[in-house]
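Let's take a walk through a protein model together. Have the sequence and the 3D view ready as you read.

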Amino acid sequence: MLFHDTIVALATPAGVGAIGVIRLSGPDSIPLVNAVFKPKDLTKKASHTIHYGRIEDAGRVYDEVVVSLYIAPKSYTKEDVVEISCHGSPFIQESIIQLFVEKGARLARAGEFTQRAFMHGAFDLAQAEAVADVIAADSAAAQAAALHQLRGGFSNELAALREQLIHFASLIELELDFGEEDVEFADRKDLEDLVNQLLVAIRPLVDSFRAGNAIKNGVATVIVGKPNAGKSTLLNALLNEERAIVSDIAGTTRDSLEDSWVLGGIKFRLIDTAGLRETEDVIEAMGVERTQAWVKKAQVVIYMADATTETPASIQAGVDALGDLAIPVIQILNKKDQVSSESLDAFKQEIPSLICLSAKNKDGLADLEKALLDVVGLDQVSAGGTLVTNLRHYQHLLQTQETLESVLRGLRTGLTGDLIAQDLRYALHDLGEITGQISNDDLLKNIFGKFCIGK
Ligand code: GDP
């Protein structure tokens, strides 16, 4: 038994609801509930059974409830767990929780149930983090990615490879113990094969982060272009088209407006450069620096040009003014209804990737939508591949990748065992931090502190 105390919390959202669920976990959870539960004796009941009765103490009836029993280790936390479904009145819920605190339970900290599950080996750290992501998922793709991770995702594969790496690391450490003697316990060729194998597993994970992050947090998409190009018309067309405005968030800066829009199960956060619309020339008014700052927050830029006023050269100049961007720029030509097809052909000739559309007539939007899905790497999502959505995992994976590449270089150039051993230790550390084989209190506090209370 790792924990000697019993924790209690409301597992459903605070506030009025049809029912509220209070959860207890720990060695005393069944006797604690039993002492105030009438008329049955819960200590004699089997795991995974539910019981109707009253919560009653010192002559006061708190509520009529349904109690679910989960006896260790067959529970979420692997401890004895009792869940009490009571009426969804905040007063009742608080009174019952208070009653258990008086009887000896402790109020649970955020994520403490999940932390106990992790500590008891119900799942690894990456899976525990996925629990929070499943709860927070706000689009189909985010939910699918989180659920995949919850079910093991890349954890199992990495854990197996890490075990093999530990084997090699210990052989090399052993060589070091022999100091002067020229011995090699660790077969360098086998080690190189293993490192390559690990890199094959890790590289796609590192590469998947862009898509994974986009799916989890939404793809920040900035629409830029000269005034009257049709940016707000496009924004409205896209949002109305889907009729799925998730939220209207007035931007943190006065001159930005952000709308969330779900396309193909992926959330896009469309940012309109609204307040700048009145100025003469958006790009010029913002200045290169300002534009870059704006665009820096984005993962995709939609550059919109007006077919009636621009030329291929002016579009090129406008895109160049955005600076050297490491993110995709989707170039679109609006108001195609106003110009001849020869004229459009001339534009396409110069800029083959240009998407011609009419925001006003909602004509050609599908091409833009396809381009947006392409830039987030939708193929990986639909192929059901593992996606890294968590920044912490990404950073450790990237670090592992760089370290392993350094090991490979070292092996090829005949680097000494002690330097290779050092790199292996770093790689093992990073891999171990992802799954929680290596963890510390601060890290756990940080991760589980982001959970809701009661989870
Ligand atoms: P913004 O300043 O870039 O946000 O541009 P607006 O969305 O306000 O549009 C400027 C003007 O262009 C408005 O009068 C729109 O109705 C018009 N407009 C936008 N898209 C199209 C289009 O596809 N075809 C035509 N003919 N007019 C358009």
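## The big picture

First, keep in mind that this is a predicted model. The protein contains 17 helices and 14 strands. It has 455 residues, and 48% of them count as buried.

## Helix α16 on its own

Let's start with α16, which covers residues 417-435. This helix is 19 residues in length, and the distance from its first C-alpha to its last is 27 Å. That's close to the 27 Å you'd expect at 1.5 Å a residue.

Now look just past the end of α16, where you'll find Gly436. Its phi is positive, at about 90 degrees.

## α16 meets α15

Which way does α15 run relative to α16? Helix α15 spans residues 391-412, and it packs against α16 at an angle of about 160 degrees. Angles over 145 degrees count as roughly antiparallel, and therefore that is the label for α15 and α16. Their axes are 9 Å apart, and the crossing is left-handed.

On the α15 side, they include His393, Leu397, Thr400, Leu404 and Leu411. On the α16 side, Ile420, Leu424, Ala427, Leu431 and Ile434 are among them. Sorted by type, the residues of this contact come out as 10 nonpolar, seven polar and four charged.

## α16 meets α7

Helix α16 has another partner to look at: α7, made of residues 188-207. Here the packing angle is about 30 degrees, and the axes lie 14 Å apart. Because angles under 35 degrees count as roughly parallel, α7 is roughly parallel to α16. α7 also passes α16 in a left-handed crossing.

Which residues make the contact? From α7 come Arg188, Leu191, Leu198 and Ile202, while α16 supplies Gly417, Ile420, Leu424 and Leu431. By type, that's six nonpolar, one polar and one charged.

## Leu398, a residue of α15

Is Leu398 buried or partly exposed? This residue sits in α15, and its relative accessible area is 26%. Buried would mean under 20%, so Leu398 counts as partly exposed.

Next up is Val295, which belongs to helix α10 (residues 282-296). Its relative accessible area is 1%, so Val295 is buried. Setting aside neighbours within four places in sequence, Val295 is in contact with Val301, Leu322, Leu325 and Ile327.

Our last stop is Ser95, in helix α2 (residues 90-103). With a relative accessible area of 12%, Ser95 is buried too. What does Ser95 touch? Not counting residues up to four places away in sequence, it touches Arg60 and Tyr62.

Methods: Residues numbered from 1 in each chain as written. Predicted model: local features only at pLDDT ≥ 70, side-chain atom pairs only at ≥ 80, totals over all residues. Heavy atoms only, no water. Axes fitted to C-alpha atoms, helices over the stretch in contact; angles between N-to-C directions. Helix = DSSP H or I, 4+ residues; strand = E, 2+ residues; numbered from the N terminus. Parallel < 35°, antiparallel > 145°, perpendicular 65-115°, else oblique. Left-handed = near helix turned anticlockwise from the far one by under 90°. Contact = heavy atoms within 4.5 Å. Nonpolar A, V, L, I, M, F, W, Y, C, P; charged D, E, K, R; others polar. Expected span 1.5 Å × (residues − 1). Buried < 20%, exposed > 50% of the residue type's maximum accessible area, 1.4 Å probe, protein only.
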